[in-house]
Amino acid sequence: MALLSELQISWSIKQWMACAVAAIIAYNLVLAVYRLYFSPIAHFPGPKLTAATFLYEIYYNIVKLVLSVRSQHLLTTLQGPIVRINPWELHVNDPDFYEELYSRNSPRNKSKYSADQLGMPDSKFSTLGHNLLRMRRQSISNFFSIKSIRRLDHILIFMAEKLCKRIDEYKKSGKPMKIRLAFQCLTTDIVTHYAFDKTWNFLDSPDFSPEWIATIKATTEMGHIIQQLPWIITLFEALPRWTSASISPGIKLVLNWQDRMVDHIKNIMNENKRNPEMSSIANPNIFQALLDSDLPPQEKTLNRLSQEAQSIVGAGADTTANALTITTFHLLSNPPVLQKLLAELERQCLIHMLNLTSLLLNNCHIWHETSVAMTSTQVHHNEDIFPNSWDFVPERWCDRLDGGRGLECYVVNFSKGGRNCAGINLAKAELFLVLAILFRRYKMELYETETDRVCDVDMHYERYLA
Ligand code: HEM
């Protein structure tokens, strides 16, 4: 009798499972048909598979780890100026449309799909609505103005000198130096000083803080996964730390980074409580100023501010370090260009040389809930605008009669419009100063660096950060 009822239960569980599987398959089939034939963007060209499902994007971004679907399609198998690259998103290949799409005057909202990928939903970077973003940006815009950056000159010089001391150590010992790691420590020290008035001093680390370098790497690797499964980060946060760490050592680093941000903000909040008149302090740091600002209370919570802190440190650390590394490589592998640079280390030209080295994707959300995006990589590699775009040719700027101004609208590495890089002035100051000091002071040469080795120079795959 007992055996019979067990059989009946297991039979009915099987039946339920079969029903559930059939329902999931049916739901996905109906969804795919809707996406293919009835979605408001069904008439746009693009491979059917990308229009019907996200599996294609997941395959490229997470499994195959190559250039994302965006670049794959747009750089190679382009089907027209507008391509549908996933069920929700259109991608535009028309450099002249960039300023229209990433406009300063017309409000643009960010798509949740794009905003989700860094797992910091309350940061400025992940803010969906235009109005909320404007309020958040205004609250810190003073900190990123050219005037504020100029006030920081002495800090930048101090940090660059610290980097030089480390180079001198290596020079003395005759050992080759991994300049990318040193640059990452430098830019992190600068941005943490900037944000919290408390530098992390990674440049002092004998082996250039390998754990921080691994944290940045883990964050960028997680990006595509979090984008597809945004709840995964909440799940890991809820699990005991040792469980998360044993599932993924990378996630442990990311969570540790979050904890560190929480500690920083807690300290600043306590400091503010002890001294409520923070506005009387001559140079409050970004977060003291935010706490002391007119922003509504929900903008000043520990959770939101620590996410903001994480996004500012992340945005300021790896991007600039990557641009410094790639530019250093190109200068060292092009002696004639280097000679020219040394002969006339001229601000305008140097800044222009840097412009093509960065890769970042941008994404925004416009009419009728349709996400429309453009890719900076693709604008920068439009051969009509930048012939031989993969080559390092600063003359394309310097030798132009207009000094390169005619090309400026196509330089989109900092994005444009109301969602452009908040730290553009700081980034340019760092790039200019550090390259000028290094190349004036040292005769460097490349050591076992290959253009096509993953992580050295060439672009192999895309992640949100470099
Ligand atoms: C070469 C270096 C850099 C590049 C290429 C770069 C590029 C970008 C790009 C393309 C965006 C727009 C992201 C998006 O919304 O999709 C952005 C945003 C941002 N960047 Fe940078 N960035 C650099 C350096 C910096 C530095 C040094 C800081 C300083 C803290 C910084 C802070 C930010 C912030 C806070 C945002 C978010 C802005 C917002 O959504 O309002 N960036 N950056």
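1. The shell residues around the ligand comprise eleven nonpolar, nine polar and three charged. Here Ala, Val, Leu, Ile, Met, Phe, Trp, Tyr, Cys and Pro count as nonpolar, Asp, Glu, Lys and Arg as charged, and the others, Gly among them, as polar.

2. This is a predicted model, in which local features need pLDDT of at least 70 and side-chain atom pairs count only at pLDDT 80 or more, while totals for chains, interfaces and linings use all residues. Residues are numbered from 1 along each chain as its sequence is written.

3. The ligand is surrounded by 23 residues, of which Ala315, Gly316, Thr319, Cys421 and Gly423 are the closest; a residue is near if its C-beta atom, placed from the backbone, lies within 6 Å of the molecule. Two or more shell residues come from each of helix H16 (302-332) and helix H21 (424-441). H16 contributes the most, namely six. Helices are DSSP runs (H or I, at least four residues), and strands likewise (E, at least two), numbered from the N terminus.

4. Val191 is in contact with Ile312, Val313, Gly316 and Ala317, leaving aside its neighbours within four places in sequence. Contact requires C-beta atoms, placed from the backbone, within 7 Å.

5. The UniProt annotation "transmembrane region", from an unreviewed entry, covers residues 16-37. UniProt positions are given in the numbering used here, feature names are shortened, and annotations may be inferred rather than shown by experiment. Over residues 16-37 the chain is 100% helix and 0% strand, with the end C-alpha atoms 31 Å apart.

Technical notes
Two residues are in contact if their C-beta atoms, placed from the backbone, lie within 7 Å.
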